[in-house]
Amino acid sequence: MRRVVAAGVLAMMSAGAVVGLGSVAEAAGGATARSAVPAATAEVTVRTGDTMWDVARRSAPGVDVSAVVERIVADNGLSTVSLRPGQILRVPAG
């Protein structure tokens, strides 16, 4: 019985360690994606039918889209990701 309890405790500790390491890796990956967003900026005009994600993909191709969207929202002081045609946005240029 003692071995079964010890094995159960060891399994739970191992699972906790794996989850903890996964969280650390995810946080580090997010920091890396955000750091890859180009520092330079440009202005773009929103076209009819554009979404924030369309603008992000065009402005910084190959970079994590969610990180670019986050940066566009912050740089433009937006409270929403809704866009209107003709709106001018400062976006990462890269």
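This briefing walks through a nonpolar core and a few residues of the structure above. The model is a predicted one. Its largest nonpolar core holds 16 residues, and helix 3 gives the largest share of them, 6 residues. Two further stops are Ala 67, which sits in helix 3, and Asp 50, which sits in a loop.

**The nonpolar core**
- Within the largest nonpolar core of 16 residues, Val 68, Ile 72 and Leu 89 have the most contacts.
- Helix 2, helix 3 and strand 2 (88–92) each bring at least two residues to this core.
- The largest share, 6 residues, comes from helix 3.
- In soluble globular proteins, nonpolar side chains tend to be buried together.

**Ala 67**
- You will find Ala 67 in helix 3, which spans residues 65–75.
- Ala 67 counts as buried because its relative accessibility is 6%, under the 20% cut-off.
- Ala 67 and Ala 56 are separated by 11 residues in sequence and by 8.9 Å in space, C-alpha to C-alpha.

**Asp 50**
- The loop that carries Asp 50 runs between strand 1 (41–45) and helix 2 (52–59).
- With a relative accessible area of 14%, Asp 50 is buried.
- Its side chain reaches the backbone nitrogen of Arg 47 at 2.8 Å.
- Not counting residues up to four places away in sequence, Asp 50 touches Thr 45, Val 55, Arg 58 and Leu 83.

Methods: Residues numbered from 1 in each chain as written. Predicted model: local features only at pLDDT ≥ 70, side-chain atom pairs only at ≥ 80, totals over all residues. Heavy atoms only, no water. Helix = DSSP H or I, 4+ residues; strand = E, 2+ residues; numbered from the N terminus. Buried < 20%, exposed > 50% of the residue type's maximum accessible area, 1.4 Å probe, protein only. Polar contact = N/O pair within 3.5 Å; in protein donor to acceptor, adjacent residues only side chain to side chain. Contact = heavy atoms within 4.5 Å. Core = buried A, V, L, I, M, F, W, Y, C linked by side-chain atoms within 4.5 Å.
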